[in-house]
Amino acid sequence: MDCPVCNKPMIILELNKVEIDYCPNCSGIWLDEGELELLYSIDKSENDLRKLFEPTESEKEKSYKCPICNKRMVKTKFNNSDLIIDKCPDNHGFWFDKGELDKVLSLNANTSAQKVLSILKEMFSYNKSQEAE
Ligand SMILES: [Zn+2]
Ligand SMILES: [Zn+2]
């Protein structure tokens, strides 16, 4: 699958037993349908996680195409914050620009989300130390 921003192949990373697509070029993260719930270890059928993503108009950010169906993604506002997350109109998944997944997880954190956050932090400090070499 290619990154919707740079059109370069993404790599698969394992995050708390959930496989996510990560772009090494722009540090963006794609989550397939249902993977956000997996990161939160909650049951998709009985959660209102996706209700926290409200469609919004954002002129500031460029819109990208869903890496699965190639439809233009919609901008959603997360939990009344100023975070704008791209979402496929056909619910194939969510696109998080660099650092946005961390913010979503920390804004709406349960035990599982906190664990994922600490894994993310480790991954990024690992990347940094590699760059320094
Ligand atoms: Zn990218
Ligand atoms: Zn799609």
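What arrangement do the four donor atoms around the zinc ion (ligand 2) make? Keep that in mind as you open the viewer, and remember that this is a predicted model.

**Stop 1: the zinc ion (ligand 2)**

Select the zinc ion (ligand 2) together with Cys-66, Cys-69, Cys-88 and His-92, which coordinate it. If you display the angles subtended by the four donor atoms, you will find 101 to 122 degrees, which makes the arrangement tetrahedral. For reference, four tetrahedral donors ideally sit at 109.5 degrees. Along the chain, the donors of this zinc ion (ligand 2) are spaced as C-x2-C-x18-C-x3-H.

Cys-69, with a relative accessible area of 26%, is partly exposed.

**Stop 2: the zinc ion (ligand 1)**

Next, select the zinc ion (ligand 1) with Cys-3, Cys-6, Cys-23 and Cys-26. Each of these gives its SG as a donor, and the distances run from 2.1 to 2.3 Å. The site of the zinc ion (ligand 1) is tetrahedral too, with angles of 105 to 114 degrees among its four donor atoms. Here the spacing along the chain reads C-x2-C-x16-C-x2-C. Cys-3 belongs to the segment before β1 (11-15), while Cys-23 is in the loop between β2 (18-22) and β3 (29-32), so this pair ties together parts that are 20 residues apart in sequence. With the surface still on, check Cys-3 and Cys-23: both are buried.

**Stop 3: the hairpin of β1 and β2**

Colour β1 and β2 and follow the pairing, which is antiparallel and covers five bridges. To see one bridge, pick Ile-12 and look across to its partner in β2, Asp-21. Then move to the turn, where two residues lie between the strands. Select Asn-16 there: its phi is positive, near 50 degrees.

**Stop 4: Asp-102**

For the last stop, go to helix α2 (residues 100-107) and select Asp-102. Is this side chain's residue buried or exposed? Asp-102 is buried, yet has no salt bridge. Draw a distance to Lys-121, the nearest side chain of opposite charge, and you get 7.0 Å. What is Asp-102 in contact with, leaving aside neighbours within four places in sequence? Show Leu-117, Leu-120 and Phe-124, which are those contacts.

How values were computed. Residues numbered from 1 in each chain as written. Chains lettered and ligands numbered in written order. Predicted model: local features only at pLDDT ≥ 70, side-chain atom pairs only at ≥ 80, totals over all residues. Heavy atoms only, no water. Donors = N, O, S within 2.8 Å, 3.2 Å for Na, K, Ca; no water. Tetrahedral: all angles 85-135°; square planar, octahedral: opposite > 155°, others 65-115°. Helix = DSSP H or I, 4+ residues; strand = E, 2+ residues; numbered from the N terminus. Buried < 20%, exposed > 50% of the residue type's maximum accessible area, 1.4 Å probe, protein only. Pairing = 2+ DSSP bridges. Lys, Arg positive; Asp, Glu negative; His and termini not counted. Salt bridge = Lys/Arg side-chain N within 4 Å of Asp/Glu carboxyl O. Contact = heavy atoms within 4.5 Å.
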